[in-house]
Amino acid sequence: MSPLSSSGWSVAPSFVPHGASAPVTLLFDDDALTQLAGDEPVAWQTPWVEIVHLQLARSGRAMALFGTVAGVRYCWRNASLADYDAVGDVVRAHGGEVTRRRRRAGPLALAVVLLLASFAGGIAAWLSSGPHELASARAVNLSIRDLPSSFSAAPTSVLGYLFGPANQVITSTPTTAAPAGSSWVKATAAFESCLGVSHSADRVYGAAGQMPDYQVTSPIFSSSDFGGIQLATITQYYATTAMVEKDRAEMSRANFGACFARANAQLLVDGATGTGETQTGGINWTPSTYVRAWARGGVVDVTVPGITTPLHLVMVVTIAHHYEVTLGALVAQWPQSRDFLSGLLSTLKARVDSLDTLAV
């Protein structure tokens, strides 16, 4: 393959926190992809063997190149198609996929096909997944491909009390209702008291809340990293962005993260022990993401039966467009795991942005 130099790109997320995301020039050769970023270019060279799930997508007069490096999904965008064919040849040569936009395809259908090809195993998965919005929600969630090789699917986990079974889909219908039971009532009361919101006005647990059209859970993943960690995500798709913005208003309250973590700790401990012991404490945490993202979260200490090591429950929500995505982690070491979890939030937000941009 002859070396190729292509300019006019931008990248998200940046390769280092607060690093340059534009202008970017990409250099392609047989061995590596090299990125030159910024007005005073800084170079990063990544061997092809370290880049997985390559895809080049064309949308109108623009193109986007996707690739996963060390568990982070990167997206390079270019408003010109001048190098589209040449870059496409490079992507194919390294086992990637090139997708062309069909003129008569609906914009949302295009977004689903493109993202699932990258994030959920291809068009075949999309064809069997049902409505486009549901497929989009599936595409946002974390998968094993996003995580270091030390992670695997967890056969059992107390996080299941919060996230439910892997790949569970909840569809909003006229009869869909919030969960019932004493644990839910207790967690709801604790959250509303902590946040200072009435039940009638509470959109997270209370009567003012609106059900998403679709809610999809990821599997729960575990690793011995950080002294032991388990994590999962839930993605919700809402019919209108106005619903999401109303939720954002409540979640922007100063103490939301700590209150949200504490309420989830109540559900987790009640489910695991059945003791009903009231959970207290919690701190706010706002992740520092590589991409521009609104995110709010919290951390609270929890005690899990059979585990003598002190554990921390981390719950964080990122919101954009029609989507609300929740990442939860049960981890032994905090704040050592903070940057790792922030990186996962960046991956989730970049996916939501890619869905929204390609759907325009």
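This is a predicted model: local features need pLDDT of at least 70, side-chain atom pairs count only at pLDDT 80 or more; totals for chains, interfaces and linings use all residues.
User: Which residues of H6 and H8 meet?

Analyst: From H6, the residues include Trp 184, Phe 191 and Cys 194, and from H8 they include Cys 259, Phe 260 and Leu 267. The residues of this contact comprise 10 nonpolar, two polar and three charged.

User: What makes Cys 194 and Cys 259 a disulfide?

Analyst: A disulfide requires cysteine sulfur atoms within 2.5 Å. The sulfur atoms of Cys 194 and Cys 259 lie 2.0 Å apart, so the pair qualifies. A search of the whole structure finds one disulfide. The pair links distant parts of the chain, with Cys 194 in helix H6 and Cys 259 in helix H8, 65 residues apart.

User: Why is the disulfide of Cys 194 and Cys 259 given its handedness?

Analyst: The torsion about the S-S bond is about -75°, and therefore the disulfide is left-handed.

User: How do you know whether Cys 194 is buried or exposed?

Analyst: Buried means under 20% relative accessible area. Cys 194 has 18% relative accessibility, so it counts as buried. By the same cut-off, Cys 259 is buried at 1%.

User: What is the relative accessible area of Cys 75?

Analyst: The value for Cys 75 is 9%, which means that Cys 75 is buried.

Terms used. Residues are numbered from 1 along each chain as its sequence is written. Side-chain values use heavy atoms; hydrogens and water are left out. Contact means heavy atoms within 4.5 Å. Helices (H or I, at least four residues) and strands (E, at least two) are DSSP runs, numbered from the N terminus. Ala, Val, Leu, Ile, Met, Phe, Trp, Tyr, Cys and Pro count as nonpolar, Asp, Glu, Lys and Arg as charged, and the others, Gly among them, as polar. Buried means under 20% relative accessible area, exposed over 50%, partly exposed in between (1.4 Å probe, protein chains only).
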